[in-house]
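Dear colleague,

Please find below the structure that I am handing over to you. My notes on what was found in it follow directly after.

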Amino acid sequence: MQILITAERIQERLDELAVEIKQHYREQPITIVGVLTGCLMFLADLVRRLDMPVRLALIQASSYRGAVTRPGELQVQAELVPDLRGRHVLLLDDILDTGRTLGHLVGQLRGLEPASLRVGVLLRKEGRQELPLEPDYCGFRIPDLFVIGYGLDFNDEYRHLPHVAVLPAATSSTTDRA
Ligand code: 5GP
Ligand code: MG
């Protein structure tokens, strides 16, 4: 499988993102809301670099079901989100593609009246965005390819890989032509 971003490069970039985050918030407490399931590696590796007051929360959003590389209907489960009123919230997702997921979640979290709301993504796909959403923190810009690893899955596989790789076209083309 073609490695797009090595494990070493990801870890180096997380050092830089952590500095940006700490510089912005200073010592203000923040609540990081991770978007399950893709955020897991990004969230876990990033928060361990944040020596500042941090609360963790999770929200689940998914638009991919099974062995597909094209999104379907967005489903959100917010039962694990605590009271965010008056808190500085940083929403973290694995990848910004069309922007529909984060666009929806930003709207939903704004309704909970946080003191501030920022968005961080590990990856941002070039030329795919449909909604005007500018992430405050972005790890890497990538071309329009279906990627896996470091939290990102295909049919629930490959999330555990320490790097980001490109799913071979042959894998998706047999299952994704509905
Ligand atoms: P959006 O709503 O921005 O189109 O898509 C965001 C969600 O779609 C991400 O949170 C991720 O779960 C999924 N997604 C988008 N592009 C990819 C990709 O290339 N690989 C994988 N594994 N998931 C993706
Ligand atoms: Mg996701």
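**Salt bridges**

Arginine 48 and aspartate 45 meet through their side chains in a salt bridge, at 2.9 Å from N to O; a salt bridge here is a side-chain nitrogen of Lys or Arg within 4 Å of a carboxyl oxygen of Asp or Glu. This is a predicted model, in which local features need pLDDT of at least 70 and side-chain atom pairs count only at pLDDT 80 or more, while totals for chains, interfaces and linings use all residues. Residues are numbered from 1 along each chain as its sequence is written, chains are lettered from A and ligands numbered from 1 in the order in which they are written, and side-chain values use heavy atoms, with hydrogens and water left out.

Arginine 48 is exposed, with a relative accessible area of 65%, whereas aspartate 45 counts as buried at 16% relative accessibility. Buried means under 20% relative accessible area, exposed means over 50%, and partly exposed lies in between (1.4 Å probe, protein chains only).

Side chains of opposite charge can pair when their charged atoms come close. A search of the whole structure finds 16 salt bridges. Another of them links glutamate 12 with arginine 9, where the closest N and O atoms are 3.3 Å apart. These two residues are three apart in helix H1, so about one helical turn separates glutamate 12 from arginine 9. Helices (H or I, at least four residues) and strands (E, at least two) are DSSP runs, numbered from the N terminus. Glutamate 12 is partly exposed, with a relative accessible area of 43%, and arginine 9 also counts as partly exposed, at 34%.

What do the side chains of aspartate 97 and lysine 125 form? They meet in a salt bridge, at 4.0 Å from N to O. Aspartate 97 lies in the loop between S5 and H3, and lysine 125 lies in strand S6, so the pair ties together parts that are 28 residues apart in sequence. Aspartate 97 counts as buried at 10% relative accessibility, and lysine 125 is buried with a relative accessible area of 8%. Salt bridges that share partners join Asp97, Lys125, Arg128 and Asp144 into one network.

Arginine 13 has its place in helix H1, which covers residues 7-25. Is arginine 13 buried or exposed? At 14% relative accessibility, arginine 13 counts as buried. Leaving aside residues up to four places away in sequence, arginine 13 touches Glu20, Cys138, Gly139 and Phe140, where contact means heavy atoms within 4.5 Å.

The largest nonpolar core has 28 residues, and those with the most contacts inside it are Ile21, Leu122 and Leu123. A nonpolar core is a set of buried Ala, Val, Leu, Ile, Met, Phe, Trp, Tyr and Cys residues joined through side-chain atoms within 4.5 Å. The elements that give two or more residues to this core are H1, strand S2 (30-36), helix H2 (40-47), strand S5 (88-96), strand S6 (116-125) and strand S7 (137-142). H1 gives the most to this core, with six residues. Isoleucine 21 touches Ile30, Leu46, Leu50, Met52, Leu90 and Tyr137, again not counting residues up to four places away in sequence. Apart from this core lies another, of 19 residues, among them Ala57, Val81, Leu109 and Val119.

**Strands and sheets**

Eight of the 10 residues of S6 are buried, so S6 is largely enclosed by the rest of the structure. Two strands pair if DSSP finds at least two bridges between them. S5 and S6 pair in the parallel sense over eight bridges, and leucine 92 has glycine 120 in S6 as its bridge partner. S6 and S7 also run parallel, joined by five bridges, and glycine 120 has tyrosine 137 in S7 as its bridge partner.

A further, open sheet of three strands has the order S1-S9-S8, with antiparallel pairing. Strand S1 (2-5) and strand S8 (147-148) stand at the edges, each with a single partner strand, so one side of each is left without a neighbour in the sheet. S1 and strand S9 (residues 164-166) run antiparallel and are joined by three bridges; the bridge partner of isoleucine 5 in S9 is valine 164.

With kind regards
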